[in-house]
Structure formats: C-alpha cells, structure tokens
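Q: I want to learn how to read cavities, strands and helices in a model. Can we work through one together?

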Amino acid sequence: MSDLQQGTGRPLDAVDLAARVVQLVETGRRESTYKLATLMALIDICVEHSPAPDGTLTVPIDEISHRFVGYYWTQVRVFHQHGRLAQSRQGRSIPDKIADAKGVLLRDGFRTAEAAREVDHPAYHSLVRALRTTIAQQPLTHLQTVPRSRPRDDFLFDASEFHKKMTVVEIDQIGVITLRPGVPEGLRRTSTLLRTFLRSRWAQDVIGFNRAELDAEDLDGFLFGSDRTALRALAEPLRELQNNRCFYCDGRIMAEVHVDHVLPWSLLPIDGVANLVATDPRCNLGKSASMPVLEHMSRALKRESLPAIASVSRIPLLYKRTESAARGAYAALPTGSVLWRGVGSYEKHDPSHTNEW
C-alpha cells in the first residue's frame, strides 16, 4: 500500500510503490549520490520502525543526516590507487565534510560513527547540523521531481515546504518529513529488492563521477562493506564471552577469530555489539551475507555481558536498534525465503514465527 494512485482513488501496493521509486532513480541526471543515500535511509528507517496506526511514519531530518554519516563513513577511505572517490560532479561534497569530521573523531578514539553519535561528540554534532541543510535543500527538495513532469507528484512525502534556498530556521521549523500512508510498509516489504537496485546505481554513478575504469564488483564491496578494522577490538572480548566457541556451530575456534554481523551488514548496516558475534572462519565465510535462522538472531540478543563489552571496546551496544531492525527484516521476508542455519544447512522462512522471540 502507498499513497493513492493519481486519478484512481486506489492505493498503490508495495510492488507499484517500488516501481515508482525505480522510475524516480532511472529518470533524469544525478549530480551526486545524495538522492540514492536518501532513499536508502528511508528504506532502512522503515525496516527499523513501525508505522503509526494510520500507516504513516514521521522521520526527523536529523535522522536522515545520521544515516548519511553512516553510509559515507566507510566510503571516504582511499580506494586503491584512485584515492578518495568523488561522489558528486562539483563543489565541496557531503563525503568531504564527513571525511574531515572522521579524522577528528578517529584521533579522539571513536572507531565508528555510531560511537560518536552515542556521546554526541561536538565534531559529530556539528557535522550532522551541517549535513541537514544540504540534505533539505537538495535531495529532500528534489527527490520526487521527475524532469518535465507537472504537476508535482509527492507520492512518498509532502515536499511542498522544501526548496533549494532553505534556511536553518526553516529547517528547524519543519524538522521532519512524514511518509504517506502505506509508504513505510511498502518500502519495508520491498526493502531487499530496492536496496540491491540502489547499490547498483550508486556504484555506477561513482564510476561516472570519477571517470575511471573501476571494477563494479570490487567497488560495491568497497562502498557497502563494513569497516572490519573498526571491529577488531571486539574479537577477543566476544571470543571470551563465548568461551572460545563459534557462535554458530559451537565448535572451538582453532584459527583466527572472525567477527560477524548476525543481521547481515548488506541488509542493514548496524555495527552494534548486539549484532556482532565471534565465529570461526568456516562459519563466517559460509554464512556470508545470508539471513540467519531466527534462532541465531534470538540467541544473539539474549547474550549477557554485552553492555560491558560495549563499554570496554567503545563500540555502541545498539540493542534496541538491532532488535527492531531484525523484527522488521524478518517480517519483510517472503514466505519460503531461505535462511542460513550452518555451513551447508538452510531452512525455509515461516513469517508466523517472527513474533515468537
């Protein structure tokens, strides 16, 4: 379901809504990756949060800014011999601002964007305030604009108060966007398909902006993979918590310990201790980006001592966010989806079991 179809009085179903989103992305010329980041942010927020009884969802502009920091945080690293990749055609970009703030935060011992957000570090706070102006003036203003299309068709949210010269005062007064009835549910149900599509277009845009011969598969891993170096501090504490046993197979970890995202990073980028476990290399590589059986997710959230590990490692717990995201992700999976239990072992998803944990 979504907003009413133009002229029919009938609600859009999830597939129609997804098709409209694809049309927005495919139509027109993008000057940056910001529209794609905005759509990714809205999708992730819809997976992690339940809509209101009327089917709407209120999203603070600040929350979209937080998601931008999270997406670009890993992308501002150096990419092979190409250096830091451009994400816009001209001018000082959002990634440039994030890279500057990241340098300050890393020097202060903050390994992840979420860690800096949790304590409201001054550099992080200033960054989010600066980004929200660009986000309001650019992607939120133009996100639903199709070239040569009149009248406006704000089928995701009402953008009539947004414009390219918005002031900080105006942004503070508006504060939020409200996704129309049915849009949150539609984006959640089609989240996997839309996220895969958006990642592909994002990589292609970066190739175009940099005018370089870049391998699309290698680039996708760079743009959307987790920053594993930031998680090394968790390897030994998690191994100790699990008595040197792999979280998935319960076998002894004989080789180097791996840190795995139970809820796959490629589905929802959550670098919280509640979503991270110690595994042996075989299970970690075997699971890859698969969605695990519900039992694995439930056990991960029931572990004790996670707050202490978060405190020592300075990596946030993110328990509520992980739990909410997991519920939304499992609920969005179609009946019969394949879930990973162990190396070579899979089960079919039964949505009726989602509320049992």
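**Cavities, a strand pair and a helix**

A: By class, eight nonpolar, five polar and two charged residues make up the lining of the second largest cavity. Ala, Val, Leu, Ile, Met, Phe, Trp, Tyr, Cys and Pro count as nonpolar, Asp, Glu, Lys and Arg as charged, and the others, Gly among them, as polar. This is a predicted model: local features need pLDDT of at least 70, side-chain atom pairs count only at pLDDT 80 or more, and totals for chains, interfaces and linings use all residues. Residues are numbered from 1 along each chain as its sequence is written, and side-chain values use heavy atoms, with hydrogens and water left out.

Q: How many cavities of 30 Å³ or more does the structure hold?

A: A cavity is a set of points, on a 1 Å grid over the protein atoms alone, where a 1.4 Å probe fits but cannot get out; lining residues have an atom within 4 Å of a point. A volume is the space filled by probe spheres set on the points, which are joined across faces, edges and corners. Here there are three cavities of 30 Å³ or more. Of its 22 lining residues, G70, A113, E114, W265 and P269 are the closest to the centre.

Q: Which element gives the largest share of the lining of the largest cavity?

A: Helices (H or I, at least four residues) and strands (E, at least two) are DSSP runs, numbered from the N terminus. Helix α3 gives the largest share, seven residues. The lining divides into nine nonpolar, four polar and nine charged residues.

Q: Which residues lie nearest the centre of the second largest cavity?

A: M40, Y71, F224, W265 and P269, out of 15 lining residues. The volume of this second largest cavity is about 130 Å³. Again α3 gives the most to the lining, with four residues.

Q: In which sense do β3 and β4 pair?

A: Two strands pair if DSSP finds at least two bridges between them. β3 and β4 (residues 276-279) pair in the antiparallel sense over four bridges. V259 has A278 as its bridge partner in β4.

Q: Are the residues of β3 buried or exposed?

A: Buried means under 20% relative accessible area, exposed over 50%, partly exposed in between (1.4 Å probe, protein chains only). H258 and D260 point one way from β3, V259 and H261 the other way, and all are buried.

Q: Why is α2 described as largely enclosed by the rest of the structure?

A: Because 14 of its 15 residues are buried. Helix α2 (residues 34-48) reaches 21 Å from its first C-alpha to its last, close to the 21 Å expected at 1.5 Å a residue. The expected span is 1.5 Å times one less than the number of residues.

Notes: On a 1 Å grid over the protein atoms alone, a cavity is a set of points where a 1.4 Å probe fits but cannot get out, and a pocket is an open set with protein on both sides within 12 Å along at least five of seven lines; lining residues have an atom within 4 Å of a point.
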